Amino acid sequence: MSNESKSQDWSKPAAMAIPKGGFLKDKVEQGRYGPIFPKSPACYGFSILAKVIPGREDVFYKYAQDIEKAVAAQPDCLAVLKLHYLRWVLFPIKGETYFMYQGIFDTDFDKYTEDAITLFSATGLQTVFENLEGFPTDWQTNAPAFIKFVRDHQCPSFLEYAEYSYVTADEIKKALKLKASFSTMLDQMQ
């Protein structure tokens, strides 16, 4: 268990109100590319909202199917990102299509985006973000431009809640493995 998780009581749900703008004014931590969005009871995360290049909506659905197939074929293919959850939404605003990306993960913003660039570059995969207006074409070699795009399109949350607060994805997996081991042991004793 991480030191930070040990200092929190994971057995009690927790909520955090985040001020307008997305930063806790007395606890702004600087990262390599600017301020780090705070760790909340749900861990780190961000939500971006960006306009889809007209006519490219179907690419998002195809890409989602590709991610599903990749994870089915190699369940740990996204492990480097330390994701808890990922949610993609397409929706209309005044006749134009927008994309919302919501991710909850265990690393800070800078590390997550750097790891995403590394993952995509190493696998030769492209990012669905290439179908968003204003996304940098040199994103694979220009981490600051990628991160600037995400920061510019970040819509900070103002409330985050977690039933099991400040627990990492690895800690949850370990607990579930332990539970399965106990279940197997108890089944064998009967």
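# Notebook: cavity, salt bridges, cysteines

I started with the largest cavity, and its volume came out at about 190 Å³. The model is predicted, so I noted the limits: local features need pLDDT of at least 70, side-chain atom pairs count only at pLDDT 80 or more, and totals for chains, interfaces and linings use all residues. Residues are numbered from 1 along each chain as its sequence is written, and side-chain values use heavy atoms, with hydrogens and water left out.

**Entry 1. The cavity**

I wrote down the term. A cavity is a set of points, on a 1 Å grid over the protein atoms alone, where a 1.4 Å probe fits but cannot get out; lining residues have an atom within 4 Å of a point. Grid points are joined across faces, edges and corners, and the volume is the space filled by probe spheres set on the points.

I counted one cavity of 30 Å³ or more. Which residues lie nearest the centre of the largest cavity? I found Trp-88, Tyr-101, Tyr-112, Phe-120 and Thr-127, out of 17 lining residues.

Next I looked up the elements. Helices (H or I, at least four residues) and strands (E, at least two) are DSSP runs, numbered from the N terminus. At least two lining residues come from each of α2 (57-73), β5 (83-93), α3 (109-123) and α4 (143-152). Helix α3 gives the largest share, four residues.

I sorted the lining by class. Ala, Val, Leu, Ile, Met, Phe, Trp, Tyr, Cys and Pro count as nonpolar; Asp, Glu, Lys and Arg count as charged; the others, Gly among them, are polar. The lining has 15 nonpolar residues, two polar ones and no charged ones.

**Entry 2. Salt bridges**

Side chains of opposite charge can pair when their charged atoms come close. The rule I used asks for a side-chain nitrogen of Lys or Arg within 4 Å of a carboxyl oxygen of Asp or Glu. How many salt bridges are there? I got nine.

I checked Arg-32 and Glu-114, which meet at 2.8 Å, N to O. Arg-32 sits in the loop between β2 (29-31) and β3 (34-36), while Glu-114 is in helix α3, 82 residues apart. For accessibility, buried means under 20% relative accessible area, exposed over 50%, and partly exposed in between (1.4 Å probe, protein chains only). Arg-32 is exposed at 52%.

Then I took Glu-133 and Lys-51, whose closest N and O atoms are 3.6 Å apart. Glu-133 lies in the loop between α3 and α4, and Lys-51 is in strand β4 (residues 44-51), so this bridge ties together parts that are 82 residues apart in sequence. Glu-133 is partly exposed at 33%.

My next pair was Asp-115 and Lys-111, at 2.9 Å, N to O. They are four residues apart in helix α3, which means about one helical turn separates them. Is Asp-115 buried or exposed? Asp-115 is buried at 11%, whereas Lys-111 is partly exposed at 36%. I also noted one network: Lys-51, Glu-96 and Glu-133 are joined by salt bridges that share partners.

I stayed with Asp-115 for its contacts (heavy atoms within 4.5 Å). Leaving out residues up to four places away in sequence, Asp-115 touches Val-80 and Leu-81.

**Entry 3. Cysteines**

A disulfide is a covalent bond between the sulfur atoms of two cysteines. The cut-off is a pair of cysteine sulfur atoms within 2.5 Å. I counted zero disulfides. Cys-43 is buried at 1% relative accessible area. Cys-155 is partly exposed at 35%.

Key
On a 1 Å grid over the protein atoms alone, a cavity is a set of points where a 1.4 Å probe fits but cannot get out, and a pocket is an open set with protein on both sides within 12 Å along at least five of seven lines; lining residues have an atom within 4 Å of a point.
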